[in-house]
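Subject: Structure handover

Dear colleague,

I am passing on the structure that we talked about, and I would ask you to open it before you read any further. After it you will find my notes on what turned up.

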Amino acid sequence: MPSPIISVDHANFSYVTFTKQAGFSGAWHDLFHRQKSTVAAVQDVSLHVNRGEVLGLLGANGAGKTTLIKLMTGILPINTGDVRLFTDQVPFRKRPAFLQRIGVMLSQKSQLAWDLPPLDTLVLLREIYYIPHDAFTTWLAFLTKELAVTPQLHVPVRKLSLGQRIKFELICALIHKPEILFLDEPTIGIDVSSQANIYRFLKQLNRDTQMTIILTSHNTKDIEALAQRVAVINHGHKIFDGTVTGLISRYATVPLLEIVTDTPLDPLPTHVRQVDATHYEIDATALTELPIDPRRILSVNRHNGSLDAILTQLFSEEAPTQ
Ligand SMILES: Nc1ncnc2c1ncn2[C@@H]1O[C@H](COP(=O)(O)OP(=O)(O)OP(=O)(O)O)[C@@H](O)[C@H]1O
């Protein structure tokens, strides 16, 4: 059995910050008595990913997903534990040979120069990664065509739409054909059709090149569409690692009726949870009769809980352990 391409063992990481008090007297006080606070962002997390896997990291805001990605990509050093990529590479050492093999796209960090067209940044990356000119031209033409942004290659970044900018950030992360691609919220602020375009493209890339993909997203539909496996992070702990179906069957407690209506229900009947505009869930065990006029129902499905409902329930609980 080949060794995992990513091995995280008992990783811990805490941010140490100093709180600042308001006003002049607060600043004066801070000069002599700085208040230190520690946030344990990643706690005893172990994670092993094989080449060619697509792993979705799920978790509420502040759960520790981005920090975990930063530990795996060497942006942050772990406090204790071990992180290795490609069997023996320690990410934080940031050896050029290691950086050549990973691509990173973080939602809060841009690689693109604001006043220059994306092509200029990409040419700079070509030089940094020593990509041969012909290979660069062919690969870039493929990427821009697949992501439908070829006409925008020469437009200054500040004039691009958010969606176009994000697609070029993705192209920057892919330009050197990395073996592992890390994506933190890759579709935030992107319209539904562009999201579908990005996920179709990533799926194709994973299938054709065996590229390993680690992604975080709050959009569970994206994760379900792309990831064969999910790891759920809660308060810095990994509380689940397995398939989406496995997650649902492990945490689903009640059978649910999933109902689609012709128009939104107003007012919302009791026991009915709105999923989106005309899509509802009802706890089947709470029913003696259907609280929705049957003439308004377009479809009914019985299942054991949606990913969204389970995550809402999981994240509202206090730091459960695996
Ligand atoms: N630079 C920092 N300094 C101090 N604390 C930080 C820093 N970055 C993150 N944190 C804290 O670490 C914890 C984990 O943050 P992290 O960004 O990893 O979460 P996340 O799961 O990616 O959240 P989100 O879904 O909101 O992006 C949070 O409590 C956050 O406030």
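Of the 322 residues in the protein chain, 33% count as buried; please keep in mind throughout that this is a predicted model. The chain has 10 helices and 13 strands, and its C-alpha trace spans about 65 × 55 × 55 Å along the principal axes. If you take the contacts between residues at least 6 apart in sequence, 72% of them join residues at least 24 apart.

I then turned to the ligand. The residues around it are Tyr15, Thr17, Val39, Ala41, Gly59, Asn61, Gly62, Ala63, Gly64, Lys65, Thr66 and Thr67. The elements that give two or more residues to this shell are the strands β1 (6–19) and β2 (35–49), together with the helix α2 (65–73), and it is α2 that provides the largest share, namely three residues. Sorted by class, the shell around the ligand holds four nonpolar, seven polar and one charged residues.

The other part of my notes concerns helices that pack against each other. Two packed helices are described by the angle between their axes and the distance between the axes, and I have set out two pairs in that way.

The crossing in which α4 passes α6 is right-handed. On the α4 side the contact is made by Pro118, Thr121, Leu122 and Leu125, and on the α6 side by Phe168, Ile171 and Cys172; by class, these residues divide into six nonpolar, one polar and no charged.

In the other pair, the axes of helix α9 (residues 244–251) and helix α10 (residues 307–315) come within 10 Å and cross at roughly 55°, and α9 and α10 are therefore oblique to each other. Here α9 passes α10 in a left-handed crossing. Val244, Leu247, Ile248 and Tyr251 of α9 meet Leu307, Ile310, Gln313 and Leu314 of α10, and this contact of α9 with α10 has seven nonpolar, one polar and no charged residues.

When you go through the model yourself, you could begin with the ligand and then move on to the helix pairs.

With best wishes

Notes. Residues are numbered from 1 along each chain as its sequence is written. This is a predicted model: local features need pLDDT of at least 70, side-chain atom pairs count only at pLDDT 80 or more; totals for chains, interfaces and linings use all residues. A residue is near a molecule or strand if its C-beta atom, placed from the backbone, lies within 6 Å of it. Helices (H or I, at least four residues) and strands (E, at least two) are DSSP runs, numbered from the N terminus. Ala, Val, Leu, Ile, Met, Phe, Trp, Tyr, Cys and Pro count as nonpolar, Asp, Glu, Lys and Arg as charged, and the others, Gly among them, as polar. A crossing is left-handed if the near helix is turned anticlockwise from the far one by less than a right angle, and right-handed if clockwise. Two residues are in contact if their C-beta atoms, placed from the backbone, lie within 7 Å. A residue is buried if 20 or more other C-beta atoms lie within 10 Å of its own, exposed if 12 or fewer, and partly exposed in between; C-beta atoms are placed from the backbone. Axes are lines fitted to C-alpha atoms, for helices over the stretch in contact, and angles run from 0 to 180 degrees between N-to-C directions. Angles under 35 degrees count as roughly parallel, over 145 as roughly antiparallel, 65 to 115 as roughly perpendicular and the rest as oblique.
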